[in-house]
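Have the structure open as you read.

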Amino acid sequence: MGGHGTFKERDILAALEQCLSGFTVRDFEHHYSIRLSSSGLTGKLPHPKHGKREGSGEIQGGHIRKLARLFRIEHCMGTKLPGLFGSGKCPPPPEDAT
Amino acid sequence: MVAWQHRIPTGPVKTATQGTEKTINMTNEVGVTMTQEPMQTLPLLFSFREKVVGKGFLAEVSMSGRALLEIEEIDGESEVWISGVQPVGFSGGGRNREEAFEDFHQMWTTILYDLMAEADDFQAFEASAKEFLAAQSPNISKLWDDAVVEVRKRNHSDPGLKTQAASTPVTFEVEELPLTPAANQIDGAALQPKVAA
């Protein structure tokens, strides 16, 4: 985890690798576009203001929480990115999770 | 340019909330003091219009869309986040509603800039922009619908936000404009102030 309420870009992408099977990411000038073809959904994350090329730039947790909600992977992202939902907090798995 | 145009879709308005205060006491325009518990989630309607310059062409994108405003408490600190409902998939945040809406609008705009940067002609931009603007998710739309129900149930109102019918349709338009000085026109609709009712 980065500074208060922010997370390193490389950690976010690593968490998505584990939580969002089959996603693709497209790197635009100002944002990442994260698409899950099986659901037809696309989520956007802004680029960090600094450190993007090194993967060390930080993105605010709120953007990640909303992305996780869109893809219904809040529980998984909360476990991979401790503190995303607050210290010691993590949403439960979705009810229809197998 | 950001116009504070988002509106709470609900019924009649009486009073309002600010930021993250626990309980709101305020006096309305006729001098009646009322108390109201703040809502942590508000369904919003917004209107944006931006000109976007491409490779030898100019486009104007206008949209009336839906968003969800949420006040989050993270480790004792309050944050305001606004996420797209129609279109879905992006968000903006800040320490207060104005900052969050500014960030939300900026994200909407820069996504369009990025799509424009990839487009070789207007038709390519139009297709990708419309795909972005039309995006929806049933789960996120349900959250917005639920928030509308809650606003109505509590007869919630807000002095900073006009009230508008939740049934207001989502619309968007992507137009090609002539790449001439005639395209330089002040957006009167965006500049027009909104009066809380």
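Q: How many salt bridges does the rule find across the interface of chain A and chain B?
A: Six. Keep in mind that this is a predicted model.

Q: Why is the pair A:Arg65 and B:Glu79 called a salt bridge?
A: The rule asks for a side-chain nitrogen of Lys or Arg within 4 Å of a carboxyl oxygen of Asp or Glu. Here the N to O distance is 3.1 Å. That is within 4 Å, so the pair of A:Arg65 and B:Glu79 qualifies.

Q: Which elements of chain A give two or more residues to the side that touches chain B?
A: They are strand S3 (31-36), strand S4 (41-46) and helix H2 (61-71). By class, this side of chain A has seven nonpolar, ten polar and eight charged residues.

Q: How many residues are in contact between the chains?
A: 25 residues of chain A are in contact with 29 residues of chain B. Contact here takes heavy atoms within 4.5 Å.

Q: What makes about 2,200 Å² the buried area of chain A and chain B?
A: Buried area is the accessible area lost when two parts are put together, summed over both. Chain A and chain B bury about 2,200 Å² between them, so that value covers both sides. Carbon and sulfur atoms carry 53% of it.

Q: How many residue pairs are in polar contact across this interface?
A: The rule finds twelve, with both residues at pLDDT 80 or more.

Q: What makes A:Lys66 a lining residue of the largest cavity?
A: A lining residue has an atom within 4 Å of a cavity point. A:Lys66 is one of the 14 residues that line this cavity, so A:Lys66 has such an atom. Among the closest to the centre are also A:Leu67, A:Leu70, B:Gly89 and B:Phe90. H2(A) gives the most to this lining, with five residues. Strand S6 (77-86) and strand S7 (88-94) of chain B are among the elements that give two or more.

Q: Why does the lining of the second largest cavity count one charged residue?
A: Its lining is A:Glu9, A:Ile12, A:Leu13, A:Tyr32, A:Ile34, A:Leu45 and A:Ile59. Glu counts as charged, so A:Glu9 is that residue. The lining also has six nonpolar residues and no polar ones. H1(A) gives the most, with three residues.

How values were computed: Residues numbered from 1 in each chain as written. Chains lettered and ligands numbered in written order. Predicted model: local features only at pLDDT ≥ 70, side-chain atom pairs only at ≥ 80, totals over all residues. Heavy atoms only, no water. Buried area = accessible area lost by both parts, 1.4 Å probe. Polar contact = N/O pair within 3.5 Å; in protein donor to acceptor, adjacent residues only side chain to side chain. Helix = DSSP H or I, 4+ residues; strand = E, 2+ residues; numbered from the N terminus. 1 Å grid on protein atoms, 1.4 Å probe; cavity = no way out; pocket = protein on both sides within 12 Å on 5 of 7 lines; lining within 4 Å.
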